[in-house]
Amino acid sequence: SGIPGMSEADSEVSQDIVGTYEGDHNEVGERHGKGRTIHPNQDLYVGDYQEGARNGQGTYTWAYLGVSYTGAYLNGKRHGQGTMKFTNGSVYTGTWADGQRCGSGEISYPNGDKYDGAWEADLPHGEGRYLFADGTRLEGSWEHGRIATGTMTYGDGTQYTGGFRFNQPFGRGEYRGPSGLVQRGVTTEPYPPPPPEEEEEAADDEEEDQDAPKKPAGPALEPMRRMFTVWTPDAPLAA
């Protein structure tokens with residue numbers, strides 16, 4: 001089964017000097033203390049301010065998305081413990097850092113699936129557990145929103161432990177049946193799709209523009225896709 005997308009956080013209006021404000025001020029006229037702001041786009045914030053920025057506890061409600069966040073803020077960004085309810089009915093409760101899900105948290109989906117574990121840069125990253133609505137359980141190490149290695153336990157008690165790719169078993173691993181029988185082997189993709197064609201970079205004899213934005217370092221993640229795989233055992237089942 002594919003795992004639903006997990007990058008759903010929406011951006012808030014960053015300027016707390018705009019909109020209609022009702023609440024406390026400090027001696028220099030900044031929003032400070034308890035307050036309520038209706039932004040020009042009709043987003044609503046109710047909560048704590050410090051020196052003109054959202055700081056402390058508050059609730060931000062997006063006017064047209066059906067999204068809301070209730071929790072801690074620091075310097076105008078979601079930071080600390082908080083809960084966000086998304087347009088599709090998903091709910092995340094956990095820690096935030098600099099406006100993104102980071103640390104430890106749980107997200108539940110309207111189809112009954114649930115992920116609980118480590119987060120980084122708004123994605124599951126580190127040790128975590130994904131529970132499917134049908135009873136299947138996936139536990140292990142996640143990298144940038146995808147399971148890398150771990151154990152999948154199916155509804156009948158069968159377990160797979162090993163590598164994963166695109167959230168599917170892949171590479172070396174083993175299956176353990178409910179009776180305890182173990183079969184080790186490797187999962188491969190015999191007929192992978194051809195790699196996407198790389199765009200040729202235009203030759204340029206001019207000096208590189210030092211102010212131009214640079215491409216992010218490191219390899220880019222392959223787009224998620226469904227693989228058609230083959231399991232090849234090392235040997236017949238053994239007790």
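User: Before we start, what counts as a polar contact here?
Analyst: A polar contact is a pair of N or O atoms within 3.5 Å, and within protein one must be able to donate a hydrogen and the other to accept it. Keep in mind that this is a predicted model.

User: OK. What does the side chain of tyrosine 115 have a polar atom close up to, at 2.9 Å?
Analyst: That's the backbone oxygen of alanine 118, which lies 2.9 Å from a polar atom of the tyrosine 115 side chain.

User: And which strand is tyrosine 115 in?
Analyst: Strand β9, covering residues 114-120.

User: Is tyrosine 115 buried or exposed, and why?
Analyst: Tyrosine 115 counts as buried because its relative accessibility is 0%, and the cut-off for buried is under 20%.

User: How far is tyrosine 115 from leucine 138?
Analyst: In sequence they're 23 residues apart, and C-alpha to C-alpha they're 9.2 Å apart in space.

User: Switching topic: how do β10 and β11 pair?
Analyst: They're antiparallel, with 6 bridges between β10 (residues 123-131) and β11 (residues 137-143).

User: What about β11 and β12?
Analyst: Those run antiparallel as well, joined by 7 bridges, with β12 spanning residues 146-153. Their hairpin has 2 residues between the strands, and histidine 144 there takes a positive phi near 55°.

User: Which residues does serine 141 line up with?
Analyst: On the β10 side, glutamate 127 stands opposite serine 141. In β12, threonine 149 is the bridge partner of serine 141.

Terms used. Residues numbered from 1 in each chain as written. Predicted model: local features only at pLDDT ≥ 70, side-chain atom pairs only at ≥ 80, totals over all residues. Heavy atoms only, no water. Pairing = 2+ DSSP bridges. Helix = DSSP H or I, 4+ residues; strand = E, 2+ residues; numbered from the N terminus. Buried < 20%, exposed > 50% of the residue type's maximum accessible area, 1.4 Å probe, protein only.
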